[in-house]
Amino acid sequence: MLEIRLFLDEEDMHEGKRLDEYIMRYLMHHGIMGASVFPAVMGYGKKHHLHHTRTIGSADEGPLMILVVDEEEKLRAVLPHLKEVMRDGLIVAQRVDRL
């Protein structure tokens with residue numbers, strides 16, 4: 001089994017849609033076993049811009065993590081497209097055991 005974690009921001013878009021929603025629908029369409037989106041309280045990436053979760057009166061969009069788990073072959077098949085749409089985000093993969 002393979003676990004993929006995608007790190008992105010709420011403000012990230014693809015084809016006029018929020019990137020996290022686009023990715024989730026893409027994964028569902030391709031029969032991936034499971035995925036979840038997790039909001040972070042705070043985070044920063046390679047540009048070292050600190051992102052906070054949205055508070056009243058704040059325009060800042062918070063960081064997100066999408067966690068995906070399935071058989072390695074299935075995830076390796078969708079990974080090229082995920083890399084393509086994740087322009088500024090980070091993708092991390094590791095092998096995991098299903099217990």
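The following legends describe close-up views of a predicted model.

**View 1. Packing of helix 1 against helix 2.** Helix 1 (residues 19-29) and helix 2 (residues 72-85) pack with axes 12 Å apart and at an angle of about 170 degrees (axes are lines fitted to C-alpha atoms over the stretch in contact; angles run from 0 to 180 degrees between N-to-C directions; helices are DSSP runs of H or I, at least four residues). Helix 1 is therefore roughly antiparallel to helix 2 (an angle over 145 degrees).

**View 2. Residues joining the two helices.** Helix 1 contributes Leu19, Tyr22, Ile23, Tyr26 and Leu27 to the contact, and helix 2 contributes Val78, His81, Leu82 and Val85 (heavy atoms within 4.5 Å). These residues comprise eight nonpolar, one polar and no charged (Ala, Val, Leu, Ile, Met, Phe, Trp, Tyr, Cys and Pro count as nonpolar, Asp, Glu, Lys and Arg as charged, the others as polar).

**View 3. Lining of the largest pocket.** Among the 23 residues lining the largest pocket, Asp9, Tyr44, Gly45, Lys46 and Asp88 lie nearest its centre (a pocket is an open set of points on a 1 Å grid where a 1.4 Å probe fits, with protein on both sides within 12 Å along at least five of seven lines; lining residues have an atom within 4 Å of a point). The lining has eleven nonpolar, six polar and six charged residues.

Residues are numbered from 1 along each chain as its sequence is written, and side-chain values use heavy atoms, without hydrogens and water. Local features need pLDDT of at least 70 and side-chain atom pairs count only at pLDDT 80 or more, whereas totals for chains, interfaces and linings use all residues.

Terms used: Angles under 35 degrees count as roughly parallel, over 145 as roughly antiparallel, 65 to 115 as roughly perpendicular and the rest as oblique.
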